[in-house]
Amino acid sequence: MNIKEELLALQDISYADFQAKLTPNIPRDLFIGVRVPELRKLAKKVAEEPETSIFLRDLPHKYYDENMLHGLIISEIKDYDACLVAVDDFLPYVDNWAVCDIMSPKIFKKNKAALLEKIKEWSLSEKTYTCRFGIETLMSYFLDDDFKPEYLEIVISVNRQDYYVQMMIAWFFATALAKEWDATIKYMEDQRLDPWTHNKTIQKARESRRITPKEKEYLKSLKV
């Protein structure tokens, strides 16, 4: 099996054009144009194939779609330690928000105690998408039943003037407002975020169906 040939066989030129507009920092000629559902199917298909280990080591990849597939294959790894190694090997090569956000390893749910320490490490990284991945992982796994208010401080400690990091921080806090209002609203009242991220958080929260009309009005009053 040649993974690159598999990707080229699934090419959709119009979709490549569309994706290139959403990811402007990647040159158009680096998009093959494979739709995400097809990428997911391919990831499941090749996850256990011998050639896949070669593909995962062959970094950096040329095409955006190869990176997307790489992130989805990592998400299928069933051994936590092996998955963590694969994530750490790949993160330095992640160069856009879409590839960063596509990674969601299923095995993370079963290893939260160890994962929390890695999240702290990732979120303090100077690399944009490593930092973004850390914050996103915290948002995905630690805002529900086992939430602790101190988790919000992990994100507050990220002091970055980077659009893709700031957008993830806003997304994190908007989600935290929806899930953990009482703990999170204090951060908005005390203006713990920089003004741009603070206002973006309010915008995203007010767009959410999980925030009540009363809460949305209160958030509106907190804009700076």
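Me: Why is W122 called buried in this predicted model?
Reply: W122 has a relative accessible area of 1%. Buried means under 20%, so W122 is buried.

Me: What makes F133 buried?
Reply: Its relative accessible area is 1%. The cut-off is under 20%, so F133 counts as buried.

Me: Why are W122 and F133 called an edge-to-face aromatic pair?
Reply: The centres lie 5.0 Å apart. The limit is within 6.5 Å, so the rings pair.

Me: What parts does the pair of W122 and F133 tie together?
Reply: W122 lies in helix α8, residues 112-123, and F133 in helix α9, residues 128-141. The pair therefore ties together parts that are 11 residues apart in sequence.

Me: Why is the aromatic pair of Y163 and Y164 called edge-to-face?
Reply: The angle between the planes is 85°. That is over 60 degrees, so the pair is edge-to-face. Centre to centre, Y163 and Y164 are 5.0 Å apart.

Me: Why do Y163 and Y164 count as partly exposed?
Reply: Y163 has 45% relative accessibility. Y164 has a relative accessible area of 22%. Buried is under 20% and exposed is over 50%, so both residues fall in between.

How values were computed. Residues numbered from 1 in each chain as written. Predicted model: local features only at pLDDT ≥ 70, side-chain atom pairs only at ≥ 80, totals over all residues. Heavy atoms only, no water. Phe/Tyr/Trp six-rings, centres within 6.5 Å; stacked < 30°, edge-to-face > 60°. Helix = DSSP H or I, 4+ residues; strand = E, 2+ residues; numbered from the N terminus. Buried < 20%, exposed > 50% of the residue type's maximum accessible area, 1.4 Å probe, protein only.
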